[in-house]
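Reader: Before I rely on any distances here, I would like a close look at one part of this model, with the terms spelled out and the surroundings described carefully.

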Amino acid sequence: MNNLKKGILFAALFSSLFFIGCSNDNDDDDLIGNWIKKSAFDGPARSSATSFVIGDYAYVATGYTGDVYLKDLWAYNSTGDYWEQKADFTGIGRSSASSFTLNNKGYVGLGYDGTNKLKDFYQYDPTSNTWTQKTDFAGTGRYAAVGFQAGGKAYFGTGYDGNYLKDFYQYNDQANTWTLVNGFSGNKRRNATAFVIADKVYFGTGINNGVYQEDFWEFDPATEVWTRKRDIDKDTDDDYTYNDEYAIVRSNASSFTMDGLGYVVGGENIKTIWEYNPSTDLWVERTPMEGASRTDAVGFAINNRGFYMLGRVGSTYFDDAWEFKPLEEQNDNDN
């Protein structure tokens, strides 16, 4: 009888260890989401490009190859999964520019040409395939800023002009003017990211004096009020029921929005992706990027489809393009 009890106890203990071991070894397998490789970018591989979306097309402009600061413009057709080259950007070639879409036109400005921090600003009209220079940005020349449009109002803000910055300016396309608006009360930073859900802007990540920033903000353009949301780091003083595994802080990440949820992906030596739900102010990790980890990539959404592409790791520059399906199981056969 004693030998039988010992046998049962050993079997139960072995079974428990087996399942604990399986759980720990396959954490990534428990994550939901699938990355699908799409048509490779037709232009030169690059990092630090910028993008804006108009209708069914995403436009990718400028960037850096490791040797050349670029001024070309490419349009991605998400329905046909192909690229078309458009009229070159008429400013000087640059990296780390910022952009937004406003009233069916694209806008690109700021950036770095290898020597100068820039503040010039241009409009792209997809109907005529032409660029028009507009009033220079009203703040200092800078790069690694964020640009976004929500509720019909467009903004550039933060970045680096030799110092870290936290100011925001709104662009009025009817008057062709810039106006300084209320900033947020967090730290200055560069290489942050922002995404838009239901006419509100969600802004976070980035770096200040070598420290990844942990605060996360909601901006309402209708009231120009910034509201601090839950921090995105894992903090011993926080509530572990929601953030015991948070690892979202980073710089040089990309972001996009699908179906009312925001996504932050990639960054310096990072390939994870996190999904933000504005109704709960909570994040969920999804299946990491199935291609190489990268920084200074481009992310955008077209008709509720999220895309992530280009970027670099070290001195290796990428021209691959990926689509993310957050509700699908990972499938290695589609990339």
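Leaving aside its neighbours within four places in sequence, with which residues is Gly-291 in contact?

Author: Once neighbours within four places in sequence are set aside, Gly-291 is in contact with Lys-271 and Trp-322, where contact means heavy atoms within 4.5 Å. The model is predicted, with local features requiring a pLDDT of at least 70, side-chain atom pairs counted only at pLDDT 80 or more, and totals for chains, interfaces and linings taken over all residues. Residues are numbered from 1 along each chain as its sequence is written, and side-chain values use heavy atoms, with hydrogens and water left out.

Gly-291 belongs to the loop between β23 (282-286) and β24, strands being DSSP runs of E with at least two residues, numbered from the N terminus. Because its relative accessibility is 9%, Gly-291 counts as buried; the class of buried residues has under 20% relative accessible area, exposed ones have over 50%, and partly exposed ones fall in between (1.4 Å probe, protein chains only). Although 255 residues separate Gly-291 from Ile-36 in sequence, their C-alpha atoms are 9.5 Å apart in space.

Within β23 (282-286) comes an aromatic pair, one of the 58 that a search of the whole structure finds. The rings of Tyr-276 and Trp-283 have centres 4.8 Å apart and planes at 45°, and the pair is therefore tilted; rings of Phe, Tyr and Trp (its six-membered ring) pair when their centres lie within 6.5 Å, with planes under 30 degrees apart called stacked, over 60 edge-to-face and the rest tilted. Both partners are buried, Tyr-276 at 0% relative accessibility and Trp-283 with a relative accessible area of 6%. Elsewhere, ring pairs link Phe-100, Tyr-107, Phe-121, Phe-137, Phe-156, Tyr-169, Tyr-171 and Trp-178 into a cluster.

Another loop residue is Ser-78, found between β4 (69-77) and β5 (82-86), and it counts as buried because its relative accessibility is 4%. The side chain of Ser-78 comes to 3.4 Å from the backbone oxygen of Asp-56, which is a polar contact, meaning N or O atoms within 3.5 Å, one able to donate a hydrogen and the other to accept it, with residues adjacent in sequence counted only if both atoms are side-chain atoms. Beyond its neighbours within four places in sequence, Ser-78 touches Asp-56, Ile-302, Arg-305 and Phe-307.

Lys-153 is placed instead in strand β11 (residues 153-160) and, with 26% relative accessibility, counts as partly exposed. Its side chain reaches the backbone oxygen of Pro-221 at 3.1 Å, and, apart from neighbours within four places in sequence, Lys-153 is in contact with Phe-148, Gln-170, Pro-221 and Ala-222. From Lys-153 to Arg-294 there are 141 residues in sequence and 31 Å in space, C-alpha to C-alpha.

Asn-191, in the loop between β13 (177-181) and β14, has a positive phi of about 55° although it is not a glycine, and at 13% relative accessibility Asn-191 counts as buried. Asp-199, in the loop between β14 and β15 (200-204), also is not a glycine and has a positive phi, near 65°, whereas its relative accessibility of 47% makes Asp-199 partly exposed.

How values were computed
Helices (H or I, at least four residues) and strands (E, at least two) are DSSP runs, numbered from the N terminus.
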